[in-house]
Amino acid sequence: MHCPLFIQLSDPHLLAARQGCLQEVNTYDTLRAVLKDAVKRFPLPDAYLLTGDLSQDGTAQSYENLKQLINKLTVQPSFVIAGNHDDIDNMQRHLISGNIRFEPFVDLDKWRVIFLNTQVAGEEYGCLSQKEMDRFKGNISEKAQHHLICIHHPPVLLDGFIDRSRLQNSEEFLSAVGNIEGQKVVIFGHAHQEYFERRDSILLLGAPSTCVQFKPHTAECVKDTLSPGYRVLTLYDKGDIETEVIRL
Ligand SMILES: [Fe+2]
């Protein structure tokens, strides 16, 4: 029996200059190292899920850099969503092509994977617009037995500085997720830290960044000494999942 295997890559923050750094971390080099590690351990995942802040500067060149890296190192599809730092026009023009896809959802076996846009122009925080919320509710499948939802901004409080820029309308979002039949898993980025919570019937998972890490539970942003990493998810037919975070 086939069970979908996904690799979540989050917050790569690539820049136009490949030697560019975010908090003294070269984001191009760390993404390349993370991708190489993921491909070595999991040569043929069903897909890579890139959960936003793909670019730090929103430039066309940063997306070209990402496209080249993905196309050079992977053969499986990548599905992307935008984060607060992304320029969606540049992302669509310079990243999306071939195996790199920007879709509302994709179905794999018993699972539907839904991709959401929480970007609010010019703001760090996220929000699902009414249109996006309606689209989300409309894309909940009655045929799929389980749902995996990909969103950039954390829909929960993490007890740290990142809470100031979390998803604003998280209550309405989580209530809609809670109403879905079957298993529901929400994966997010933005916080650059690992997170795991089972809240009622919803599994909430945060991923590390592929570049700089942020310490949890701090009032201001503090760089963590943890290595870059990624999350692996195996989704089973009956709705149970296996997941782990792997760091370099
Ligand atoms: Fe972000």
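Predicted model: local features only at pLDDT ≥ 70, side-chain atom pairs only at ≥ 80, totals over all residues.
Local features were taken only at pLDDT of at least 70 and side-chain atom pairs only at pLDDT 80 or more, while totals for chains, interfaces and linings use all residues. Residues are numbered from 1 along each chain as its sequence is written.

The protein contains five helices and 14 strands. These are DSSP runs, numbered from the N terminus (helices, H or I, at least four residues; strands, E, at least two). The C-alpha trace spans about 45 × 40 × 35 Å along its principal axes. For 248 residues, a compact globule would have a radius of gyration near 18 Å; the protein has 17 Å, which agrees. This radius is taken over C-alpha atoms, and the globule rule is 2.2 Å times the number of residues to the power 0.38. Of the 248 residues, 43% count as buried. A residue is buried if 20 or more other C-beta atoms lie within 10 Å of its own, exposed if 12 or fewer, and partly exposed in between, with C-beta atoms placed from the backbone. Among contacts with a separation of 6 or more, 69% join residues 24 or more positions apart. Contact requires C-beta atoms, placed from the backbone, within 7 Å.

The largest nonpolar core holds 54 residues. Such a core is a set of buried Ala, Val, Leu, Ile, Met, Phe, Trp, Tyr and Cys residues joined through C-beta atoms within 7 Å. Leu116, Cys150 and Ile187 touch the most other members. Helix H1 (residues 27-41) gives the most to this core, with five residues. Beyond four places in sequence, Ile187 touches Gln8, Leu49, Thr51, Leu148, Cys150, Leu205, Ala207 and Arg231.

The 15 residues of H1 should span 21 Å at 1.5 Å a residue, and its end C-alpha atoms are 21 Å apart, which agrees. The expected span is 1.5 Å times one less than the number of residues. Buried in H1 are Thr27, Tyr28, Thr30, Leu31, Val34, Leu35 and Ala38. Seen down the axis, they fall within an arc of 165 degrees, so they line one face of the helix. The arc is that of the directions from the helix axis to the C-beta atoms. These residues pack against strands E1 (5-9), E2 (21-22), E3 (25-26) and E13 (229-235), and against helix H2 (60-73).

Gln145 sits in the loop between helix H4 (130-138) and strand E9 (146-150). Gln145 is partly exposed, with 16 other C-beta atoms within 10 Å. Beyond four places in sequence, Gln145 touches Lys110, Gly182 and Gly239. Trp111 lies 34 residues from Gln145 in sequence but 6.1 Å away in space, C-alpha to C-alpha.

Technical notes:
Contact = placed C-beta atoms within 7 Å.
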